Amino acid sequence: MGPEQPIFTTRAHVFQIDPTTKKNWVPASKQAVTVSYFYDGTRNSYRIISVDGAKVIINSTISPNMTFTKTSQKFGQWADSRANTVFGLGFPSEQQLTKFAEKFHEVKEAARLARDKSQEKAETSSNHSHESGRETPSTQPSSVNGTDDEKACHGPPIETLLKNDNDRMKTGPAQDPAVIRKWETEMQTLQDSNDRLTTALEESTSNVEHWKKQLAVCKEEGDQLREKIKELEVQCNEVHLEKERNEQLSHRIKQLEADINDKEQELERLRKEAEVIPQLVEECDALRETLQTTEETNKDLETKTKTLKTDIEESHQKQGNMKCELKSLLDVLDGKIDELHEFRQGLARLGADN
């Protein structure tokens, strides 16, 4: 198959366990983000991946020993030993949490089956190499014996030939010395062939053991390479995170430079204002002297005002006294006028009588 393909996608709030306390949850995303299961056909592996903007917040490879646990109606978590953390997901509804948990179980079973198949393939290849090591002695005797006639003689098993020859020698008629020497020669030849076959078998067995060791070394190197690849992936993620931090720092530096420029402009404005301060001080001194003069003038005016008030009160009092005297005079004058009127009436009566 081709590269990784998404097989299930949902949205959730992502959390990670606090690496210090191992108890509190730390939000990895400010809002709900996309969380997807990916299948890699090349490696036959499954991963959970989530990206917030340009930041990878989840990159967890599913292994058969992982477990997804529902801790509430809308929250679930799983531990990733390779990433050395615990991921937590908060879903909008219990139904979405259930679907995600079911998919996790399904992917975990698929990962287990893939692991079992890979182990069976490894054992099968090991058995094939072991069997090929056992079959090599059947082809090696030709190089050891060197002739086609001896290959034809070594078709049946050596033990069977020896047993048949011994039986024939025991049960057959007496042979002459030439025949006996012939049988002894053939017996010695068969014995030599048997020795050579035994040596070749031992060499093949040692070769099989050697290839087993080589296979174990290769497997160990493969595991080390896988671990190295994982470490490199982690380092790449760290480099990506460091790049994001550098970008944030660059943005922060630009903001600080802008703030410094503003402060410098403010400082320049304050310097210009400071140059006007001596003139303002002189004006303040002049105003202070004017204020003192004005205060003295006010004091004099207050004194004069008090004097005028006193004079006015005395005038009012004199006017009151004069009014009282004038009223008394008016009363006296009214009495005199009444007397004169009566006197006039008396004169008028006297004139009328006369």
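In what order do the elements of the protein chain run from the N terminus on?

1. The model is a predicted one. From the N terminus on, its elements follow the order β-β-β-β-β-β-β-β-α-α-α-α.

2. On the chain as a whole, buried residues account for 18% of the 354 residues. The accessible surface amounts to about 26800 Å², and carbon and sulfur atoms contribute 54% of that surface. Of the contacts between residues at least 6 apart in sequence, 54% link residues at least 24 apart.

3. Thr-10 belongs to strand β1, which spans residues 5–17. Is Thr-10 buried or exposed? Its relative accessibility is 10%, and because buried means under 20%, Thr-10 counts as buried. Setting aside neighbours within four places in sequence, Thr-10 has contacts with Val-33, Thr-34, Val-35, Phe-91, Gln-96 and Phe-100.

4. Ala-83 sits in the loop that joins β7 (75–80) and β8 (85–90). With a relative accessibility of 38%, Ala-83 counts as partly exposed, because this value falls between the 20% and 50% cut-offs. Ala-83 and Lys-230 are 147 residues apart along the chain, and their C-alpha atoms are separated by 9.3 Å.

5. Which residues form the negative surface patch? The patch consists of Asp-331, Asp-334, Asp-338, Glu-339 and Glu-342. One of these residues, Glu-339, lies in helix α4, which covers residues 177–353.

Methods:
Residues numbered from 1 in each chain as written. Predicted model: local features only at pLDDT ≥ 70, side-chain atom pairs only at ≥ 80, totals over all residues. Heavy atoms only, no water. Helix = DSSP H or I, 4+ residues; strand = E, 2+ residues; numbered from the N terminus. Buried < 20%, exposed > 50% of the residue type's maximum accessible area, 1.4 Å probe, protein only. Contact = heavy atoms within 4.5 Å. Patch = residues over 30% accessible without salt bridge, like charges linked within 9 Å, V, L, I, M, F, W, Y side chains within 5 Å. Areas by Shrake-Rupley, 256 points an atom, 1.4 Å probe, with all protein chains shown as cover. Salt bridge = Lys/Arg side-chain N within 4 Å of Asp/Glu carboxyl O. Lys, Arg positive; Asp, Glu negative; His and termini not counted. Charge placed at Lys NZ, Arg CZ, Asp CG, Glu CD.
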